[in-house]
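Student: Hey, can you walk me through this one? I've got the sequence and the model open.

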Amino acid sequence: MSGSRSSSWTIKVREKAIEALPPEKLLPDGQPTYVASWIYMFGVASIAALVVIITSGTILALKGPAWWHYTGIGHFFNSIHMWAVELFFFVMVVHLWGKYWMSAWRGGRARVWITGAITFLVAVPTALTGYVSQQNFDAQWISTQAKDGLNSVGVGAFFNVTNFGQMYSYHVLLLPIAVVALVSAHVLLVRRHGVVPPIELGKR
Amino acid sequence: MIHVLGAIFNLSHPAHVVHWHFIKLPLANVIVIGLMLVAFAVAIALPFPGAASRAAARRGGDSS
């Protein structure tokens with residue numbers, strides 16, 4: 001009986017998870033002194049903007065294009081969604097610059113850096129599919145401009161920016177899932193390895 | 001309100017573009033990039049509230 005228990009995949013996964021991320025690492029009650037700097041705030045600011053994006057996007061998806069185009073409250077949530085995206089990219093770029101100049105891949109943190117960089121790359125088409133899903137002249141202009149660029153690199157047959165149904169599906173389901181999964185992995189890896197120390201401390 | 005803002009920011013014209021050698025960027029994007037650089041510099045230069053007192057307390061704790 002004990003042999004079958006130890007071979008259980010749930011036990012193995014649980015033991016591996018606790019070994020990789022014990023509760024005190026997963027939800028720490030303090031951070032090193034060097035984290036008390038504004039440059040360390042841009043990562044959490046990116047997450048805060050992402051929460052606003054997903055919340056406002058969920059409301060827009062529930063109500064639909066007629067609501068976001070023709071009602072005052074629809075315009076409000078449409079604007080909240082768009083400006084949260086602008087803010088998300090703004091703070092994410094400053095976060096990226098900060099981590100680049102800290103060489104944040106030091107001390108076995110390569111996967112932290114890689115997941116962050118891939119999140120940025122996946123966030124770009126997530127935003128693009130949103131701009132072409134607005135159902136207005138702005139979306140029409142952006143999609144007809146973008147199709148030439150995408151066709152020139154040979155992906156137009158698979159990723160057609162003038163196909164509203166395909167772009168909307170990418171925007172409200174596939175790409176947000178990818179972004180949230182990548183951000184979750186990124187945060188869990190930060191928890192596992194700890195926040196990168198300043199370079200002079202890392203050398204000690 | 002929208003009309004008041006519209007009076008301040010007249011958008012009924014082609015975008016202003018900054019063109020320098022091979023670099024060609026809309027002015028709005030140049031402004032946003034400039035603001036990101038400012039935010040980056042300020043985030044490094046500006047002291048974080050309570051950071052100095054926490055560091056001093058930590059040094060005091062270490063020496064005792």
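Student: What's the angle between H4 and H9 of chain A?
Tutor: In this predicted model, helix H4 (residues 42-63) and helix H9 (residues 164-193) of chain A pack at about 160°, with axes 12 Å apart. Axes are lines fitted to C-alpha atoms over the stretch in contact, and angles run from 0 to 180 degrees between N-to-C directions. Helices are DSSP runs (H or I, at least four residues), numbered from the N terminus.

Student: So parallel or antiparallel?
Tutor: That angle makes H4(A) roughly antiparallel to H9(A), a label for angles over 145 degrees.

Student: Which residues meet there?
Tutor: From H4(A), A:Ile47, A:Leu50, A:Ile54, A:Gly57 and A:Ala61 meet A:Val172, A:Pro176 and A:Val183 of H9(A). Contact means C-beta atoms, placed from the backbone, within 7 Å.

Student: New topic: which residues of H6(A) are buried?
Tutor: Among them are A:Phe88, A:Met92 and A:His95. Buried means 20 or more other C-beta atoms within 10 Å of the residue's own.

Student: And what covers them?
Tutor: The cover includes H4, H5 (65-70) and H7 (110-131) of chain A, plus H2 (27-45) of chain B.

Student: How many residues touch between chains A and B?
Tutor: 11 residues of chain A are in contact with 13 of chain B. H6(A) gives the largest share of chain A's side, five residues.

Student: How do the numbers and letters work?
Tutor: Residues count from 1 along each chain as its sequence is written, and chains are lettered from A and ligands numbered from 1 in the order written. Local features need pLDDT of at least 70, side-chain atom pairs count only at pLDDT 80 or more, and totals for chains, interfaces and linings use all residues.

Notes
Helix = DSSP H or I, 4+ residues; strand = E, 2+ residues; numbered from the N terminus. Parallel < 35°, antiparallel > 145°, perpendicular 65-115°, else oblique. Contact = placed C-beta atoms within 7 Å. Buried ≥ 20, exposed ≤ 12 C-beta atoms within 10 Å, placed from the backbone.
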